[in-house]
Amino acid sequence: MVSKDIIERFKVIASASVSDACEKVCGCRRFMDHELVPRIADQKIVGPAVTVQEGPANGENCGPTHAFEAMDACEEAGSVMVISMANSDKDVALWGGIMTAGAVANEFAGAILDGGLRDVEEIRKGQEADGLYAGKKFEIFSRSISANTTLGKYKTYANNVPVVCGGIVVSPGDLIVADCSGVVAIPKDHIEEVLKVCEDIEATELLEAKLIIEQGSIKAGLDKFNRV
């Protein structure tokens, strides 16, 4: 379980800094494909991943049962549902209004979808002060928006297993940091180390930006801090 202190500290760190820190600490890409963007209210989300694997239905006409089970079984408030999709199909919706209601009821912070989203207006209205979710916020990052259902086309295969989402492997418990600049998944064994590097990056960039403004020269900042 990720501590509340760590979650709160990541909430004020840009996803770009998290991506840079992951590359330095982990030596590999930990950002998701650029197509995954916020669709509801441009809200930042930070929380541990609960994963769901989805693929071809093979003639079955069933709902996303593994996602439903993962929602109701999750005991860590502020978690983020991460759903993979075979072929990253953008013309089918992995998530809609009913899924959002279930996630909000179980205190999830948001969802990351390797496919489409639907019922956008319903979800936005639900987050209004007098809406169905009683003012609770819930952000969804997806590759697309599509009215098309998964029923008869795709089904869930498993939950809380490693999945591929947005071009990277995400394991249960990896920390998701997602904002308007992108989605990053921090491997669960490197969260604290990545946090330290992130905070150093942000502190350095603030000093550099201040120097650039004071000196009226970007070269002055680059010469001293060598950070772009």
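**A helix and its cover**

Modeller: Happy to! The cover over the buried residues of α2 includes α1 (4–11), β10 (175–179), β11 (182–186) and α6 (191–215). Contact here means heavy atoms within 4.5 Å, and buried means under 20% relative accessible area, with exposed over 50% and partly exposed in between (1.4 Å probe, protein chains only). The names come from DSSP runs numbered from the N terminus: helices are H or I with at least four residues, strands are E with at least two.

A word on the model before we go on. It is a predicted one, so local features need pLDDT of at least 70 and side-chain atom pairs count only at pLDDT 80 or more, while totals for chains, interfaces and linings use all residues. Residues are numbered from 1 along each chain as its sequence is written, and side-chain values use heavy atoms, leaving out hydrogens and water.

Now to α2 itself, residues 15–26. The expected span of a helix is 1.5 Å times one less than its number of residues. For the 12 residues of α2 that gives 16 Å, and the end C-alpha atoms are 16 Å apart, so the two agree. Its buried residues are Ser-15, Ser-17, Val-18, Ser-19, Ala-21, Cys-22 and Val-25. Just after the helix, Gly-27 takes a positive phi of about 75 degrees.

Leaving aside residues up to four places away in sequence, Val-18 touches Phe-10, Ile-13, Val-177, Val-184, Ile-186, Val-194 and Cys-198.

What does α6 look like from its own side? Its buried residues are Ile-191, Val-194, Leu-195, Val-197, Cys-198, Ile-201, Glu-208 and Leu-211. The cover over them includes α1, α2, β10, β11 and α7 (218–225). With 25 residues, α6 should span 36 Å, and its end C-alpha atoms are 36 Å apart, which agrees. Gly-216 follows α6 with a positive phi, near 65 degrees.

Positive phi also turns up away from glycine. Asp-42, in the loop between β1 (37–38) and β2 (45–56), has a positive phi of about 55 degrees although it is not a glycine. Ala-134 likewise has a positive phi of about 55 degrees; this residue lies in the loop between α5 (120–126) and β6 (139–145), and counts as exposed because its relative accessibility is 61%.

Stepping back, the protein chain has seven helices and 11 strands, and buried residues make up 48% of its 228 residues. Along its principal axes, the C-alpha trace spans about 65 × 40 × 30 Å.
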